[in-house]
Amino acid sequence: MRPFHYTRAGDVAEALRILSQDEGAALIAGGTDLVTLMRDGISGPSHLVDVNGLGLDEVRWLPGGGVRLGAMCRNAANDSRLRRAYPVLSEALRSGASPQIRNRASVGGNLLQQTRCTYFRLPEFACNRRNAGSGCSALQGDSHAQAIFGASSQCVAVHPSDFSVALQALDAVVLTEGTRGRRRIPVDQFFRLPGDTPQVTTELRRDELIVGVELPDSPFAARSHYVKFRERASYAFALVSAAVAVEVRSGTVRSARVALGGVAAKPWRSQAAEEALVGARLNEETIAAAGDAAARGAQPQRHNAYKVELVRRVVRQALSELG
Ligand SMILES: Cc1cc2nc3c(=O)[nH]c(=O)nc-3n(C[C@H](O)[C@H](O)[C@H](O)COP(=O)(O)OP(=O)(O)OC[C@H]3O[C@@H](n4cnc5c(N)ncnc54)[C@H](O)[C@@H]3O)c2cc1C
């Protein structure tokens, strides 16, 4: 591990000042991802800025509806009102990692955790995301866990977060603060697909930090569900997951959200699946059509054609359990 300075920032302004003055500075929240990367020589910040003391750990219900989760709220998801209002969110969080890790991991850190692509995590392999222009060993290597949507010739890695998939289904907004002011970035626009610059994974600027996420009060949030398929039940990252949310009135689907995890470098919204649901009754036939629509357009790699069928099944299961 490289030597580094450590500052426990007293407020957001202090954290931003260090970020803008020191190009090698990195924020540390729960440390459950960053410390592993530092230990393994993947990341070597010159200055760690601890954001645990910034007072960003509040769950605030908004007067007009919706809720704001501070960036330092933990992934333990033990707020019962949140569980009732946004079931998909708590289910996604509880499906991730272990209780010990969830008690430490934060909202902001979860969004910005790095891919679990083996070739990114082992410095002896080429990785355009870790080292721009160095190549992508995954293209010739084991691709069983890689992307089937939105990949590029530069990178086929997937985003590992369960939480973000739920946020995508809930139309959440990422709240940031930077030296140039505050921004509200819809989750769908916050994450980037790899294209020619896979090393840039989000819209967050170097001199910005996440202060929280906001969940709107939507008609589909309370009827939402998360299903995750993984290699072992104790804890593992999603091979494919689905976050679904549906508003049904008089037996007909009025609005719907379908987001997929484990299939792209960002939580993948399937508008085709949503369109298959809206205006129809939530029956077996509609659910099957939504599963098929979600898998349409997939471009599997050499070893992951199984994910295409898995998308169909996970979406169907999520919608059936919801219905
Ligand atoms: C064994 C294991 C199993 C796991 N399984 C799962 C799983 O199944 N599903 C899942 O979704 N996740 C899983 N995780 C990942 C876990 O959810 C993340 O490690 C965690 O959410 C990261 O949060 P953190 O607060 O510890 O972030 P840190 O490790 O502290 O930081 C991660 C990144 O976020 C940046 N950052 C942190 N806070 C902010 C902020 N406020 N603003 C800007 N940047 C910030 C840091 O600079 C760093 O780049 C697993 C982790 C482990 C170790």
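Modeller: Ala, Val, Leu, Ile, Met, Phe, Trp, Tyr, Cys and Pro count as nonpolar, Asp, Glu, Lys and Arg as charged, and the others, Gly among them, as polar. This is a predicted model; local features need pLDDT of at least 70, side-chain atom pairs 80 or more, while totals for chains, interfaces and linings use all residues. Residues are numbered from 1 along each chain, and side-chain values use heavy atoms, without hydrogens or water.

Colleague: How do the residues lining the second largest pocket divide by class?

Modeller: Into 10 nonpolar, 10 polar and 6 charged. R116, A145, F237, A238 and L239 lie nearest the centre of this pocket, among 26 lining residues. The volume of the second largest pocket is about 400 Å³. A pocket is an open set of points on a 1 Å grid over the protein atoms alone, with protein on both sides within 12 Å along at least five of seven lines; in a cavity a 1.4 Å probe fits but cannot get out; lining residues have an atom within 4 Å of a point. Points join across faces, edges and corners, and volume is the space filled by probe spheres set on them.

Colleague: How many cavities of 30 Å³ or more does the structure hold?

Modeller: Rolling a probe the size of a water molecule over the atoms shows where empty space is left. Here there are 2 such cavities. The largest cavity has a volume of about 90 Å³. Its lining has 16 residues, and C117, C127, N128, C136 and C155 lie nearest the centre. By class, that lining is 10 nonpolar, 5 polar and 1 charged. The second largest cavity holds about 40 Å³. Its lining includes H159, S161, L260 and K266. Helix α8 (163-169) and strand β11 each give two or more residues to this lining.

Colleague: In which sense do β4 and β5 pair?

Modeller: Helices (H or I, at least four residues) and strands (E, at least two) are DSSP runs, numbered from the N terminus. Two strands pair if DSSP finds at least two bridges between them. β4 (residues 59-61) and β5 (residues 67-70) are antiparallel over 3 bridges. R60 has R68 as its bridge partner in β5. The two strands form a hairpin with 5 residues between them, and G65 in the turn has a positive phi of about 105°. β5 also runs antiparallel to β8 (residues 208-215), with 4 bridges. There, V67 is partnered by L215.

Colleague: What is the strand order in the open sheet of 4 strands?

Modeller: β9-β10-β11-β12, with antiparallel pairing. β9 (224-229) and β12 (268-269) each have a single partner strand, so one side of each is left without a neighbour in the sheet. β11 (residues 252-261) joins β12 over 2 bridges. A259 stands opposite R269 in β12.

Colleague: How many aromatic pairs are there?

Modeller: There are 4. Rings of Phe, Tyr and Trp (its six-membered ring) pair if their centres lie within 6.5 Å; planes under 30 degrees apart are stacked, over 60 edge-to-face, the rest tilted. W61 and Y86 have ring centres 6.4 Å apart and planes at 20°, so they are stacked. W61 is in β4 and Y86 in the loop between α3 (80-85) and α4 (87-94), so the pair ties together parts 25 residues apart in sequence. For Y119 and F125 the centres are 5.0 Å apart and the planes at 85°, so this pair is edge-to-face.

Colleague: Which residue lies over the face of W61?

Modeller: R81, at 3.9 Å from the ring centre. The criterion is NZ of Lys or CZ of Arg within 6 Å of the ring centre and within 35 degrees of the ring normal. R232 lies over the face of Y235, at 5.3 Å.
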